[in-house]
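Subject: Structure handover

Hi,

Here is the structure I promised to pass on to you.

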Amino acid sequence: MGAYALPAGAGFAVNRLSPALGAEIVGLDVSRPLPPHTLASVREAFQTHHVLCFRDQRLDDAALTAFSTQFGPLEKFPEKDKTRGAPEVYHVANVSAEGEQLPPEDPRVIFQRNNARWHTDSSYRYVPSLASLLYGIEVLPEGAKGGETGFSNMLAAYAALDDAMKAHLDHLHQVHSYGDIRRLEPQMPPMSREERDALPPVTHPLVRVHPDRDFQRSLYFTSNTSVEIGGGTLEEGRALHAQLLDWISRNEFCYYHRWRANDLVMWDNRVLLHRAIEYDYARYRRVLRRTTIAGSGPVMGPYWPVARAATGRRGPWPS
Ligand code: OGA
Ligand code: MN
């Protein structure tokens, strides 16, 4: 697709990847600190496109961490056995940290399969993450089936709902619980008590408002922890969850990223859902590494702007 208008002197190209979302960044080496004006251009492109794919990067874990930290403090991953070197570097692979391909029934591979459900990273935190960065080290060969990362645009998916559905969703919440991954993937060994205690379940509104987007709304839900939505009967909540999943899977909202080795893909967890597309786990090796940028505030629901206006305050967050 065509080149996107660039701020003068940005020194790299931004090309759209799909009508729904996403752009590739070509001609930028992110292994070195970026000058402030370049970083500002990257931030602007990120805010516009929600997914940025930096092509042809050469990053070790330290360089990935250093680049990521320029966007904010990093989250530590909740389970140490799924990280590599540092708790901030999450090993996303069907291959062990030592490089050995794992059998499909290995809990680490089952955990990858859980990533195939539409979700947004660390929604199980009271303050969920802002963004994730995923670096492709070993990717599926050309022509192999699966292995893409799918993204769906929750700003667009919300905007396209009819008014009756928007009104129906306004006051609903979902419970997000890291421990509930085990409910959906019962073959996984239990978490330690410390891991469980560190992450009690939280609720978030289904409709999220964005202080950095003039209070625009988006959908906010997941299917990798719970599949129930509160505010009605259990059956109603499950049926609504299934209906929303169908809705956000429509092609008009989605982009599926076919990985090339050395792609660094950065996405906005506040306004997107994503999922890994299943592949033949026994046949192919897939190794990526992820960092996660912590969010700057809780998920605010549709009644929040009214409540905020009543305080007479103007800042993005109540203070
Ligand atoms: C993740 C994730 C998608 C993929 O690491 O959070 O969802 O394609 N990964 O591996
Ligand atoms: Mn994820």
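Below is what turned up, taken region by region.

One thing to keep in mind from the start: this is a predicted model.

Let's begin with a sheet. Three strands make up an open sheet in the order E12-E7-E14, and their pairing is antiparallel. E12 (254–257) and E14 (272–276) are the edge strands; each has a single partner strand, so one side of each is left without a neighbour in the sheet. From one strand to the next, the twist averages 20°. If you zoom in on E7 (residues 149–153), you'll find five bridges joining this strand to E14, with the two running antiparallel. One pair to look for there is Asn153, which stands opposite Leu272 in E14.

Next, the ligand. Around ligand 1 you'll see Val92, Asn115, Asp121, Ser132, Leu134, Thr149, His274, Ala276, Leu288 and Arg290. Sorted by kind, the residues of this shell come out as four nonpolar, four polar and two charged. E14 turns up again here: along with strand E6 (131–138) and strand E15 (287–293), E14 supplies at least two residues of the shell.

Now for the inside. The largest nonpolar core counts 58 residues, and the ones with the most contacts inside it are Ile25, Val51, Leu52, Met154, Leu219 and Leu264. Helix H4 (residues 154–159) gives this core its largest share, five residues.

Helix H9 (residues 304–311) is another matter. How many of the eight residues of H9 are buried? The number is zero, so this helix lies largely in the open. Being buried takes 20 or more other C-beta atoms within 10 Å of a residue's own. Just after H9 comes Gly312, with a positive phi of about 75°.

Last, a hairpin. Strand E1 (residues 13–16) and strand E2 (residues 23–26) run antiparallel and are joined by four bridges. Arg16 stands opposite Ala23 in E2. Between the strands of this hairpin there are six residues, and Gly22 takes a positive phi near 95°.

That's the tour, so over to you.

Cheers

Notes: Residues are numbered from 1 along each chain as its sequence is written. Chains are lettered from A and ligands numbered from 1 in the order in which they are written. This is a predicted model: local features need pLDDT of at least 70, side-chain atom pairs count only at pLDDT 80 or more; totals for chains, interfaces and linings use all residues. Two strands pair if DSSP finds at least two bridges between them. Axes are lines fitted to C-alpha atoms, for helices over the stretch in contact, and angles run from 0 to 180 degrees between N-to-C directions. A residue is near a molecule or strand if its C-beta atom, placed from the backbone, lies within 6 Å of it. Ala, Val, Leu, Ile, Met, Phe, Trp, Tyr, Cys and Pro count as nonpolar, Asp, Glu, Lys and Arg as charged, and the others, Gly among them, as polar. A nonpolar core is a set of buried Ala, Val, Leu, Ile, Met, Phe, Trp, Tyr and Cys residues joined through C-beta atoms within 7 Å. A residue is buried if 20 or more other C-beta atoms lie within 10 Å of its own, exposed if 12 or fewer, and partly exposed in between; C-beta atoms are placed from the backbone.
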